[in-house]
Amino acid sequence: MKQLIFFFLFLYSSMSFAEIKRFYPEGKIRYYSTLVDDLGKNYDNTRPGVTFDLHFTYLLNKNFAIRSLNYIVPYDDTNNDGTTQNYEFNQRLGLIIKEKNFTLIPYGKIVHHDKNGPKQNDNSHFGIVGQVEIAKDLTFSYDYREENTNGAKLAGTVYGDVVTDMRLVKKNVFFINSMPVHFKLGQTDGKNLRRSTVVKATIDITKKIDLSIKHVDNKGKGLFKNNVAQNRNYLVMDIGYKF
């Protein structure tokens, strides 16, 4: 992963001034009170943890852009299936197609780990996101993806190979001492895995620092209908620093 970061830094530093105007790197470090993401995935057995985001956007023109999303998440040393791994790398590469208030994003997605045990954890998906701006600062998006590999299996049955994710996001709902507060309502559905609902509020303390609190409600499905780990509720707070 270090080589990948150095490559992007080299790419950024070697661009001409005109190209830099088109190329936008973004970084963020986040500390979670409980390391559970917005999709309901529990990374560290309800313990706190830090994540690292590194994203890149290259503008082709006013209607097209290429965007690379890269998330690095530390895992518990031993996760639910007994395998040992320390980091998860979640990477997505997509083409942004924007026309007025509508955005379409076809993409490819890879999730891999520094160590991958006998049970499959690594996977890849192809998907597409449709996003519409309903009103000023109010957007709705629908994300559909299918796994390109054989899928994670339990008792010979594939789970999580089809995922849908719906989000309603309202920015600048109100202000607290000139600090904007944003709101998100989302639902993620993983086939034969779980359905997760998230309600999240985020306040921009400064342009670089934000604070979020969210409630995640997991409901197990199929093989995991009665699985305790997939039927939990979480109240999570995280603080992020952009660079």
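Mentor: Let's start with a rule: two strands pair if DSSP finds at least two bridges between them. The strands themselves (E, at least two residues) are DSSP runs, as are helices (H or I, at least four residues), and both are numbered from the N terminus. Residues are counted from 1 along each chain as its sequence is written. What you see is a predicted model, where local features need pLDDT of at least 70 and side-chain atom pairs count only at pLDDT 80 or more, while totals for chains, interfaces and linings use all residues; side-chain values use heavy atoms, with hydrogens and water left out.

Trainee: OK, then what makes strand 1 and strand 14 a pair?

Mentor: Strand 1 (residues 23–32) and strand 14 (residues 233–242) share five bridges. The rule asks for at least two, so they count as paired. They run in the antiparallel sense, and Lys28 has Lys242 in strand 14 as its bridge partner.

Trainee: How do you know that strand 13 pairs with strand 14?

Mentor: Same test: nine bridges join them, and they run antiparallel. One example is Lys214, whose bridge partner in strand 14 is Val236. Strand 13 (residues 209–220) is also joined to strand 12, by eleven antiparallel bridges. Arg194 stands opposite Gly220 of strand 13.

Trainee: And what do the strands build together?

Mentor: A closed barrel of twelve strands, in the order 1-2-3-4-5-6-7-10-11-12-13-14, with antiparallel pairing. Neighbouring strands of this sheet are turned by 20° against each other on average, direction ignored. The axes behind that angle are lines fitted to C-alpha atoms (for helices over the stretch in contact), and angles run from 0 to 180 degrees between N-to-C directions. As a general point, side chains in a regular strand alternate between the two faces of the sheet.

Trainee: Where is confidence lowest, and where is it highest?

Mentor: We use pLDDT, the predictor's confidence in each residue, from 0 to 100. It is lowest in helix 1 (residues 2–13), with a mean of 46, and highest in strand 12 (residues 194–204), at 98. Over residues 1–18 the pLDDT is below 50, and beyond near neighbours in sequence this stretch has 13 contacts in the model. For the protein chain, the mean is 87, and 84% of the residues reach 70 or more.

Trainee: Why is Asn177 called exposed?

Mentor: The cut-offs are for relative accessible area: buried is under 20%, exposed is over 50%, and partly exposed is in between (1.4 Å probe, protein chains only). Asn177 has 68%, so it counts as exposed. Asn177 is in the loop between strand 10 (162–176) and strand 11 (179–190), and has a positive phi of about 50° although it isn't a glycine.

Trainee: Why is Asp137 put in its accessibility class?

Mentor: Asp137 has 25%, so it counts as partly exposed. Asp137 lies in the loop between strand 6 (123–135) and strand 7 (138–147).

Trainee: How do you know which residues Asn63 touches?

Mentor: Contact means heavy atoms within 4.5 Å. Not counting residues up to four places away in sequence, Asn63 touches Ile96, Ile97, Lys98 and Glu99. Asn63 and Ile96 are 33 residues apart along the chain, with their C-alpha atoms separated by 7.8 Å.

Trainee: What makes the link between Arg92 and Asp143 a polar contact?

Mentor: That term needs a pair of N or O atoms within 3.5 Å; within protein, one must be able to donate a hydrogen and the other to accept it, and residues adjacent in sequence count only if both atoms are side-chain atoms. The side chains of Arg92 and Asp143 meet at 3.3 Å, so the pair passes. Arg92 belongs to strand 4 (residues 87–99).
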